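Open the model in your viewer and keep the selection tool at hand. We will go from stop to stop, selecting a few residues each time and looking at what is there.

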Amino acid sequence: LYRELLTAFPDQWTYWLGLVDACVKTAESLSPSSSSSSSCSRGASSKEVASIDEEGWKRCRAFAKVLSAAEGGQKHALRGPRLILVELASMKARDGEEAADAASVAALCEEIREYGNRFGPAASCCFADLRPYLSVLVREASSRSLAAGGACDIPEDASLILQWAKELWSTNYQTDGREDGEGEGDVSADQFRERRKRLRTFIFAVQVIHAVAAELSDSTTQLLQTYAPSVAEMATE
């Protein structure tokens with residue numbers, strides 16, 4: 001039923017969550033982390049997953065990839081099929097077996113980056129979509145690091161996200177390349193659209209850095225100084 005609904009309405013997030021509930025989860029989630037009814041802020045469907053049906057997980061992931069690749073004549077890129085890939089990776093990171101933990105967290109890190117690269121320039125709500133998963137990533141990466149006896153305050157996967165976000169805002173920072181007095185009236189419509197994309201990406205990247213840094217409360221100030229743009233740079237942008 002959910003596959004039929006999603007074939008007709010592939011960007012309907014509640015249908016994706018229904019498919020996951022029906023095919024992937026084998027026990028009740030403990031508690032919801034965010035409302036799934038919002039069309040803009042979607043986020044993780046639950047804080048904990050008791051158990052995962054591996055075959056159902058694989059089928060759901062394959063179906064999402066098929067729909068994301070077949071968006072065809074859609075005016076806007078479909079977020080639903082791509083965000084469910086992040087959700088599925090998040091479930092694995094929270095539920096993987098001991099030997100798969102590191103790989104599961106790394107897979108979540110990769111899915112977050114892929115989603116951000118795709119929708120950071122296109123959707124202002126990209127950060128709202130990913131925020132719950134950033135929390136899962138940092139929490140799980142930190143617990144894995146502690147369990148392995150790691151002495152580093154910043155888990156490797158969190159560092160990868162921070163470095164990725166820094167590269168995003170750095171490459172989309174426009175103020176340095178803008179001549180004094182240049183305004184919106186001095187650019188073409190295409191140039192203006194490109195500026196808006198780059199500004200969305202800049203804002204998204206800064207939001208990611210602040211979210212990850214806030215999760216690592218013992219190192220927040222240090223991380224912001226290292227990875228985030230300065231207040232002056234944000235103000236002029």
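Begin by selecting I209, H210, A213 and A214 in α8, which meet T220, L223, L224 and Y227 in α9. Contact here means heavy atoms within 4.5 Å. Helices are DSSP runs of H or I with at least four residues, numbered from the N terminus. Sorted by class, this contact of α8 with α9 holds 6 nonpolar, 2 polar and no charged residues. In that sorting, Ala, Val, Leu, Ile, Met, Phe, Trp, Tyr, Cys and Pro are nonpolar, Asp, Glu, Lys and Arg are charged, and the others, Gly among them, are polar.

Before moving on, a word about the model: it is predicted, so local features need pLDDT of at least 70 and side-chain atom pairs count only at pLDDT 80 or more, while totals for chains, interfaces and linings use all residues. Residues are numbered from 1 along each chain as its sequence is written, and side-chain values use heavy atoms, leaving out hydrogens and water.

Now show both helices whole: α8 covers residues 189-215 and α9 residues 220-227, and their axes come within 8 Å and cross at roughly 155°. Axes are lines fitted to C-alpha atoms over the stretch in contact, with angles from 0 to 180 degrees between N-to-C directions. The two helices are therefore roughly antiparallel, a label for angles over 145 degrees, while under 35 counts as roughly parallel. The crossing of α8 and α9 is right-handed, that is, the near helix is turned clockwise from the far one by less than a right angle.

Next, select α2 (residues 13-23) and α3 (residues 54-69), whose axes come within 9 Å and cross at roughly 155°. This crossing is right-handed. Which residues of α2 meet α3? They are W16, L19, V20 and C23, and their partners in α3 are G56, W57, C60, F63, A64 and L67. The contact has 9 nonpolar, 1 polar and no charged residues.

Move to α5 (residues 101-119) and α7 (residues 156-171), which pack at about 15° with axes 10 Å apart. These helices are therefore roughly parallel.

Finally, pick W169, Y173 and F202, which form one aromatic cluster. Rings of Phe, Tyr and Trp (its six-membered ring) pair if their centres lie within 6.5 Å.

Key:
Phe/Tyr/Trp six-rings, centres within 6.5 Å; stacked < 30°, edge-to-face > 60°. Parallel < 35°, antiparallel > 145°, perpendicular 65-115°, else oblique.
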